[in-house]
Amino acid sequence: MTKRVGLYGLLSVAAVGALFPIVWLLIGSLQTSDELYRGKHLLPAKPQWSNYLTAWTDGDLGTYLPNSVIYTVSAVAGILVVSSMAGYALARIDFRGKAAVTFGLLAVMIIPAPASFIAQYKLMISLGMTNSRLGYVLILISAGIPISSLIMRGFFANLPKDLEEAAALDGSSSLNTFARVILPLARPGLIAVAVIQGLSVWNEYLLALVLFDDDTLMPIQRGLTNFVSAETPVQNILLAATAISVLPVVVFYVFAQRQVVQGISSGALK
Amino acid sequence: MTARSLEGVVLPRARATARRGSPLARRRALMAYVFLFPAVILLAVFTLVPFVQAIVLSFQDWDGVSAGTSYVGLANYKFVLHDTVFWSSMRNVLIFGAAGFLIGNALSLGMAMAVNRVHHGKAFFRTAFYLPGVFSVVVIGMMFSWLLAPNAGILNRMLGSVGLSGLQHNWLEDPATALPAVAAVFLWYHWGFGFILYLAGLQDMPVELYEAASLDGARGWATFRYVTWPELLPVTAIVSLLTLLGALQVFGTVQVLTNGGPADHTMVPTLRIYEEAFTNRRFGSAAAMSVIFGGALVLLAVLHLWFSRRKR
């Protein structure tokens, strides 16, 4: 009995540790500047919802947030299309050079961002793609392909054998079989890939920092740091802007936590 | 059409047609090439070419603006060799990695075992523990610069209100505390990742193992030492390597928290590379740093792959 209580006590302490910073951020974002610096009370006397309005306008979040949505949706869509095709070929088709392609995927997967972001910047200059939405999305897609293809390959490989041949006997073309039979069956894989890549694209910062100096194109992470380094904004407004930026992620995570957790483990254990 | 209904429908003759060299097999091979084409092209242009270009650039001189670059031989590497800040930044991230390995792993494993034991609130604890893992590096930086702020920060205020004002610090600007503070922030957002993997490992463990151990009279520590720990060793290997890789690549959080300061005490390699290129306008030596640093990371990743392959 005491052991059980101790266990729950321990877990609760850890949960408070994990949750406290975000709770404290939310509380701060609803306080007045005065409360923030001189306040004796933990909670705001009266929640200052107007902080959020100020943050939205002063922080230009009306530009950055839609940008992030555009980048996330298009990069994830691209990753899903490209890596499900690649994963399918690797899992279910016998062709010359398969081992080499698989090895190549593993090899590019281990190229870390810090090794290539300088050269990626140079490449984008020569392609005329700095400050380009398309350029940023293409790099994001390419960064997500290796792991996603391997995850998809795993899901395709687990489908029953002979699916394609049976469908072919039914008169279905190969492409049709892929789109109508195979893809729907691999839905858990597609969801896992979408969830982990969605999070990683939304949170991407390094490339956004390097590739954009045009404010109107920046995603939210970059926009936030822009806001910080601007003419020293007020702390509570800064906290509100941060809260706005993280809210979509938190809501998404709470609803899709099972998929996130599964995606994380399938990605890491591949 | 479901997978189940299709199973067993296939005739032996249909199987035979899919042999290599048959028209169907050849058509499907063609399909494979078409399907792989977009992935290969994108990876070649946006990942592989820059990787090679980084190596080339490390032997060149470039200010980031002018069209031309000139070869300078090993000059960039010689320059980097004497950049003490770069090397101390490597040491800093190794400290993060060591902290993650010792403290983070223990925390991840301990909490995974605890969550695995309880009957109520499993989902809640799991969700809470991984929550920091979905925040962006920028958001984490913002949160902790506020928590650790010298006067209004909650940490110092709490220390003050319980009569421990002597322990108050300007955590992020005092050279004595800045690095441990950043390491603590890294631990805070990273341990949930190991926790998830450990929990998955524990849930995959056969119950019979524990039953057999308890029949043999194993209790508490002995069960852990001789059953849980060895069974989880492959997970520990992967978590440790991924933690190390994560620690080495820390960037955004540090940029927001301290920007490498005070006086480069919390500098990390990626930030150093970024500054060398975009502030100092020396892309050549920045590329040399990224080749050295990237090479080390690649080596680690190869180790990781080797471990995870061997596990199968």
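This is a predicted model: local features need pLDDT of at least 70, side-chain atom pairs count only at pLDDT 80 or more; totals for chains, interfaces and linings use all residues.
## Overall form of chain B

Chain B contains 14 helices and two strands. With a radius of gyration of 26 Å, well over the 20 Å that the globule rule gives for 312 residues, chain B is more spread out than a compact globule. Along the principal axes, its C-alpha atoms fill a box of roughly 80 × 65 × 35 Å.

Of the 312 residues in chain B, 39% are buried. Among contacts in chain B with a separation of 6 or more, 71% join residues 24 or more positions apart.

## Domains of chain B

The domain assignment divides chain B into domain 1 (3–57) and domain 2 (76–311). The centres of these two domains, taken over C-alpha atoms, are 38 Å apart.

An unreviewed UniProt entry lists residues 90–304 of chain B as "domain: ABC transmembrane type-1". In the model this span is 75% helix and 0% strand, and its end C-alpha atoms lie 20 Å apart.

## Annotated transmembrane regions of chain B

For chain B, the UniProt annotation "transmembrane region" (unreviewed entry) covers residues 30–56, 93–115, 127–149, 178–200, 232–252 and 286–307. Residues 30–56 of chain B are 100% helix and 0% strand, with 35 Å between the end C-alpha atoms. Residues 178–200 of chain B are also 100% helix and 0% strand. The end C-alpha atoms of residues 178–200 lie 34 Å apart.

## Nonpolar core

The largest nonpolar core has 164 residues, and A:Ile118 and B:Phe195 have the most contacts inside it. Domain 1 (3–57) and domain 2 (76–311) of chain B both contribute residues to this core, so it lies between them.

Leaving aside residues up to four places away in sequence, B:Phe195 touches B:Ser108, B:Met111, B:Ala112, B:Phe129 and B:Tyr130.

## Contact between the chains

The contact between the chains takes 85 residues from chain B and 78 residues from chain A. On the chain B side, helix α3 (residues 23–57) supplies the largest share, 22 residues. By class, the side of chain B that touches chain A has 67 nonpolar, 11 polar and seven charged residues.

## Annotated transmembrane regions of chain A

For chain A, UniProt (unreviewed entry) lists "transmembrane region" at residues 7–27, 69–91, 103–121, 133–152, 190–212 and 237–256. Residues 103–121 of chain A are 84% helix and 0% strand, and the end C-alpha atoms are 26 Å apart. A:Ile118, named above for its contacts inside the largest nonpolar core, falls in this annotated region at residues 103–121.

Residues 133–152 of chain A are 100% helix and 0% strand. The end C-alpha atoms of residues 133–152 are 27 Å apart.

## A:Gly62

A:Gly62 is found in helix α4 (residues 61–92) of chain A. A:Gly62 has 10 other C-beta atoms within 10 Å and is therefore exposed, the cut-off for exposed residues being 12 or fewer. A:Gly62 and A:Ser174 are 112 residues apart in sequence, and their C-alpha atoms are 45 Å apart in space.

How values were computed. Residues are numbered from 1 along each chain as its sequence is written. Chains are lettered from A and ligands numbered from 1 in the order in which they are written. UniProt positions are given in the numbering used here, feature names are shortened, and annotations may be inferred rather than shown by experiment. Helices (H or I, at least four residues) and strands (E, at least two) are DSSP runs, numbered from the N terminus. Domain bounds come from an automatic or database domain assignment. The radius of gyration is taken over C-alpha atoms; the globule rule is 2.2 Å times the number of residues to the power 0.38. A residue is buried if 20 or more other C-beta atoms lie within 10 Å of its own, exposed if 12 or fewer, and partly exposed in between; C-beta atoms are placed from the backbone. Two residues are in contact if their C-beta atoms, placed from the backbone, lie within 7 Å. A nonpolar core is a set of buried Ala, Val, Leu, Ile, Met, Phe, Trp, Tyr and Cys residues joined through C-beta atoms within 7 Å. Ala, Val, Leu, Ile, Met, Phe, Trp, Tyr, Cys and Pro count as nonpolar, Asp, Glu, Lys and Arg as charged, and the others, Gly among them, as polar.
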